[in-house]
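Colleague: Hi! Could you walk me through this model? I'm new to reading structures.
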Amino acid sequence: MSQAPLILTLELDEAAFAEFDGQRRRHFPPALNKIPAHVTLFHHLPGEEERAVVEALAASVRAEAPMPVEVAGLRFIGRGVAYTLASSRLLALRGRLATTFEPWLTPQDRQGYRPHVTVQNKVAPEEARALHRELEASFVPRTITGTGLLLWRYLGGPWEARGRFPFGGA
């Protein structure tokens with residue numbers, strides 16, 4: 001089994017994913033955009049523990065219904081732009097998973113969790129500020145739906161899909 005790390009993301013409803021991924025394809029430098037739009041829950045779980053991670057995820061989603069997630073605003077991130085997300089249920093689920101995965105968590109995954117979708121990164125700050133202003137001018141908060149969890153293997157740039165775990169009611 002590969003030692004490459006695993007990444008866990010929230011699966012979004014089709015319309016929300018299509019919107020965010022379309023923006024990412026338009027605004028992310030094409031040579032650097034190796035992955036789809038995503039909401040990361042954990043950046044680095046041990047690849048050698050994939051079976052245990054999969055078992056924990058399968059158990060965690062059974063009783064979890066699809067969850068509302070508020071697209072709450074935009075954040076300028078220096079060299080890019082991200083949509084900020086808010087969901088008490090997402091925070092609670094991530095907290096339970098963090099407890100389960102605690103022995104494996106990296107410092108990055110131990111710090112405070114602020115869910116977001118990055119649609120631009122690694123551009124000049126002026127370009128990022130311009131996009132932030134453009135998106136903010138027409139931004140309206142809305143609710144999207146988290147429909148499950150997606151597990152990926154990090155391949156040094158691109159990600160390999162390793163599992164889909166739909167919430168019990170999805």
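Colleague: Where is Val 54 found?
Modeller: Val 54 sits in helix H2, residues 50-61. Helices here are DSSP runs (H or I, at least four residues), strands are E runs of at least two, and both are numbered from the N terminus. This is a predicted model, so local features need pLDDT of at least 70 and side-chain atom pairs count only at pLDDT 80 or more, while totals for chains, interfaces and linings use all residues. Residues are numbered from 1 along each chain as its sequence is written, and side-chain values use heavy atoms, with hydrogens and water left out.

Colleague: Why does Val 54 count as partly exposed?
Modeller: Because its relative accessibility is 27%. Buried means under 20% relative accessible area, exposed means over 50%, and partly exposed is in between (1.4 Å probe, protein chains only).

Colleague: And which residues does Val 54 touch?
Modeller: Leaving aside residues up to four places away in sequence, Val 54 touches Leu 151 and Phe 165. Contact means heavy atoms within 4.5 Å.

Colleague: How many residues line the largest pocket?
Modeller: 29 residues, and His 38, Thr 40, His 43, Gln 108 and His 116 lie nearest its centre. Its lining has 12 nonpolar, 10 polar and 7 charged residues.

Colleague: Which strand gives the largest share of that lining?
Modeller: S2, with 4 residues. Helix H4 (107-110) and strand S5 (116-120) each supply at least two as well.

Colleague: Is S2 largely enclosed or open, and why?
Modeller: S2 is largely enclosed by the rest of the structure, because 5 of its 7 residues are buried. S2 also pairs with S1 in the antiparallel sense over 4 bridges; strands pair if DSSP finds at least two bridges between them. In S1's partner S2, Val 39 stands opposite Leu 10.

Colleague: What about the second largest pocket, how much space lies in it?
Modeller: About 190 Å³. The largest share of its lining, 4 residues, comes from S1.

Terms used:
1 Å grid on protein atoms, 1.4 Å probe; cavity = no way out; pocket = protein on both sides within 12 Å on 5 of 7 lines; lining within 4 Å. Nonpolar A, V, L, I, M, F, W, Y, C, P; charged D, E, K, R; others polar. Points joined across faces, edges and corners; volume = space filled by probe spheres on them.
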